[in-house]
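Please examine the sequence and the structure shown below.

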Amino acid sequence: MNGSGPSSLVLLVVKISFLALLWAFVLAAVRAVRLDVFGPTKRHQQHIQAAARPPRPAPAPARQAPPAPSQNKPPSRRSRAPSKLVVTKGQLAGTTLPLGPMPVTIGRAQDSTLVLEDDFASARHARLVPHDGQWFVEDLGSTNGTYLDRTKVTSPMPVPLGAPVRIGKTVLELHR
């Protein structure tokens, strides 16, 4: 060997590595398109539903003193719960959706509770789920992600009143 260039073995390893990376990219692109068109698989939905369950609260201490009677009781959790979903930015700005006991699905799919005409939204993009007077947002495997305020939603997150939920160019807020 005269040392004038890389050996044929090194070139073969580089070619095979390049092909492996190319196939990994193609498979990732196909998976993203499949999720966007057909929605998440049952296994993925079960994982999302399991993550949506809020953690169990710690057991209360055995002995608690009864609360002192007071004329100024704080409002109950139900009275502080949001009653409507308001679109604040995007093509549907100004749209108000009343909230009830059922989850709200959001996306471009026609069977969504809130159908978005947003090129950056997936067919089944996100879901708002009520639990114990509070609403949680969860991303359903969308391509571009769901954001609560400036935080990317990677697992179900509680949505405070007035906090912006961004899906593509659309921004939603929970209001009383």
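Thr170 is buried, because its relative accessible area is 4%, and buried means under 20% relative accessible area (exposed is over 50%, partly exposed in between, with a 1.4 Å probe and protein chains only). This is a predicted model, in which local features need pLDDT of at least 70 and side-chain atom pairs count only at pLDDT 80 or more, whereas totals for chains, interfaces and linings use all residues. Residues are numbered from 1 along each chain as its sequence is written, and side-chain values use heavy atoms, with hydrogens and water left out.

Thr170 belongs to strand S11 (residues 170-175); strands are DSSP runs (E, at least two residues), numbered from the N terminus. Leaving aside residues up to four places away in sequence, Thr170 touches Val87, Lys89, Gly90, Leu116, Asp118 and Val165, where contact means heavy atoms within 4.5 Å. The side chains of Thr170 and Asp118 are joined by a polar contact of 3.0 Å; such a contact is a pair of N or O atoms within 3.5 Å, and within protein one must be able to donate a hydrogen and the other to accept it, while residues adjacent in sequence count only if both atoms are side-chain atoms.

The largest nonpolar core has 21 residues, and Leu114 and Leu172 are among those with the most contacts inside it. A nonpolar core is a set of buried Ala, Val, Leu, Ile, Met, Phe, Trp, Tyr and Cys residues joined through side-chain atoms within 4.5 Å.

An open sheet of 5 strands runs in the order S4-S3-S5-S6-S9, with mixed pairing; two strands pair if DSSP finds at least two bridges between them. S6 and S9 pair in the antiparallel sense over 2 bridges, and Phe136 stands opposite Pro158 in S9.

Note on methods:
Helix = DSSP H or I, 4+ residues; strand = E, 2+ residues; numbered from the N terminus.
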